[in-house]
Amino acid sequence: MSTTACVVLAAFAFVAGFALARRRPALPEGGWKDEATFTTLHIAAMAAPSLRTGLTRESARKAVRHLRALLGTSAVAITSTDAALACDGACPEEVLAHARTSLASGRPHVFAGEPNGAVVVPLTVEGRVVGALAAYDEELSAALVRTVTEVARWVSGQLELAELDSSRRRAMEAELRALRAQISPHFVYNALTTIASFVRTDPCRARELILDFADFSRYALRRARDFTTLADELTCVDRYLLLERARFGDRLRFSVQVAPEVLPVPVPFLCLQPLVENAIKHGMGGRDGTGEVRVVVRDAGPEAHITVEDNGMGMEPERAREVLDDDPRRRGGGIGLANVDVRMRQIYGEGYGLVVETAVGAGTKVRMRVPKARHSSL
């Protein structure tokens, strides 16, 4: 994977030297390598973004002219396995026929022709042939074949990265769907049981709780986007806390302190509610008295700092590490801290995982940092 996905500078230097030599008579002494490297990397940087979206007509159309500039040939075409996607220059009608010959063998092919011959190289993603790169020029040589082959390898690498991006997005979407599904069983049962207990004794309270439950469900089970706002996440948490307060009564106390300036900050969908659920679980578990949950959101310059703290029994630090290291997809893993920790690291980087402070008898505090500038999740 790393061999095909990365740009090999030595190969690109060869490509640059070959292409520039075909198009230019000479460069000042001492300036060849620098200009060749700069030109190659600049053109590659212009072609890469479209290729990173996958092999489509649109991405091929945007990339093909840059690839032609990189190769310095009369024409360049990109095909899929069954169609010619894009062409820059005077491409012959036989583009797809040439491509199919190379696709069938999985190897580069050279085709003689007038006025231009062709060098056609398959494009692969994880060992699968997905298309072809064809270069047309009046002068066919071993150097041109090698150049087109190297460029095709680089294009294949970009397409593999696109496939990885797509796979990562699908994995994150699957984890989010699993997270929403895991919310349902215990919480829904407890919430409805609590509401049922008020139907006869306090119908108005039961009605309010039904509306709170509806608001929470609408948010948590909606068609999720990668990001929402911190204000929306806190509204979801507020409804959740009201339902849990109805369940536990005066045994549960909670407070939420939020700096107003951070309310519009984009955050990953359903990143805060699992932390509050975890705090209630550990804050109330095993206590005969009351439990307290505190949510504090502070403005910290380029970041929003969030802490969720309970005054429960706490745990050994080793146990806290096990909770974060747990595989969130494992059966019985619940919607706890591990799921949020994994998603935060995937989106923002390793430095943005959850931090858990705890000790036996001292409660548990979970810290989370969120950059104010929106990041792409995939």
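Mentor: Phe216 is buried, as is Tyr240, where buried means under 20% relative accessible area, exposed over 50% and partly exposed in between (1.4 Å probe, protein chains only). This is a predicted model: local features need pLDDT of at least 70, side-chain atom pairs count only at pLDDT 80 or more, and totals for chains, interfaces and linings use all residues. Residues are numbered from 1 along each chain as its sequence is written, and side-chain values use heavy atoms, with hydrogens and water left out.

Trainee: How many aromatic pairs are there by the rule for rings?

Mentor: Rings of Phe, Tyr and Trp (its six-membered ring) pair if their centres lie within 6.5 Å; planes under 30 degrees apart count as stacked, over 60 as edge-to-face and the rest as tilted. The count here is 3 aromatic pairs. Among them, Phe216 and Tyr240 have ring centres 5.8 Å apart and planes at 40 degrees, so this pair is tilted. Phe216 belongs to helix 7 (residues 203–220) and Tyr240 to helix 8 (residues 230–248), 24 residues apart; helices are DSSP runs (H or I, at least four residues), as are strands (E, at least two), numbered from the N terminus.

Trainee: Why is the pair of Tyr219 and Phe269 tilted?

Mentor: Their ring centres are 5.1 Å apart and the planes stand at 45 degrees, so the pair is tilted. Tyr219 counts as buried because its relative accessibility is 9%, and Phe269 does so at 0%.
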